Amino acid sequence: MDGAEVLEPREVPLGGPRALTVRRTLPQRDRSLIGAWCFADHYGPQDLRNGPGMDVPPHPHTGLQTVSWLFHGEIEHRDSAGVHQLVRAGELNLMTAGAGICHSEVSTPATAILHGAQLWVALPDADRHTSRDFEHYVPEPVSTSGATIRVFLGALAGQRSPVHTFTPLLGAQLDLPAGTVIELDVDRAYEHGVLLDLGTVEVAGRRLVAGQLAYRGPGAGTLRLHNPAGQSARMLLLGGPPFGEDLLMWWNFVARSHDEIAEYRQLWQDGDARFGTVSGYSGAVDRLPAPTLPAIRLRPRRSQP
């Protein structure tokens, strides 16, 4: 694909109707994945001094990895693998749910401004029942053609992340000063998405405003990014080869069939050991209850060419 397809975000409450509002760009009706990236929430900057912060009680996941990335602020992560880790700006927290995990996410009292992204990566069928895991990584920022790049997954611009993923992936933060043009060598087999956080950027001839995501399919060996404005631009670059498997995503579960989703939901409601328990969370409720399943059978989203 020579040009870029622009995806518009939609607003969604995170953790309940009174919780933090996020901008969701994946999945959409016409675009479910970029590589194995199957979910993208973008939030803030939100001033927590004038309202509630992030407080997401323990909730379950299956069949995925969560990728937490902040631009500002700090979030306390606790999970049923016994991990207690702060998420800070410019630091990667990657949690592998595998067959089942639960975790909580709470902004810390010291956080005045909360601003970041929550991303999910679908696990391939051969690995989706793997064990729980967690990795924390602080990528070193490097300068290339005037841009600052932080590679938190995969490889780009001579930098490589040591963090393990189950399919080839690219994840990086790019900061482009005003007027910067950068041409990056990228893998021709990958499809790519550019999620713009601040400023303006042109991607393959399409101009983005903050919150939009530009998708470009496989085939090109370079990616040209241009910041035409008088202020800095900041974005996330996501990529990977087309996933090639049908997925069923409902609530916090990634599965392959309606029956699997129904089973996961019931196990969570029953407090089954599949998901474990989170220690140390002190919110108003112990855990998020699962929503009611729709009256119709859920159908997987077909993999896209």
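Predicted model: local features only at pLDDT ≥ 70, side-chain atom pairs only at ≥ 80, totals over all residues.
1. Residues are numbered from 1 along each chain as its sequence is written.

2. The largest nonpolar core has 37 residues, a nonpolar core being a set of buried Ala, Val, Leu, Ile, Met, Phe, Trp, Tyr and Cys residues joined through side-chain atoms within 4.5 Å, where buried means under 20% relative accessible area (1.4 Å probe, protein chains only). Trp 37, Val 67, Leu 92, Leu 119, Phe 152, Leu 153 and Leu 236 have the most contacts inside this core.

3. Several strands (DSSP runs of E, at least two residues, numbered from the N terminus) each supply at least two residues of this core, among them strand 4 (37-47), strand 6 (64-72) and strand 24 (233-240). Strand 11 gives the most, with five residues.

4. Leu 119 touches (heavy atoms within 4.5 Å) Trp 37, Phe 39, Ala 40, Gln 65, Thr 66, Val 67, Leu 236 and Leu 238, with residues up to four places away in sequence not counted. Another core, of 25 residues, lies apart from the largest one and includes Ala 147, Leu 174, Leu 196 and Ala 214.

5. Four strands form an open, antiparallel sheet in the order 5-10-7-8, where two strands pair if DSSP finds at least two bridges between them. Strand 5 (55-61) and strand 8 (84-88) are the edge strands, each pairing on one side only.

6. Strand 7 (residues 74-79) pairs with strand 8 in the antiparallel sense over five bridges, and His 77 stands opposite Gln 85 in strand 8.

How values were computed:
Heavy atoms only, no water. Buried < 20%, exposed > 50% of the residue type's maximum accessible area, 1.4 Å probe, protein only.
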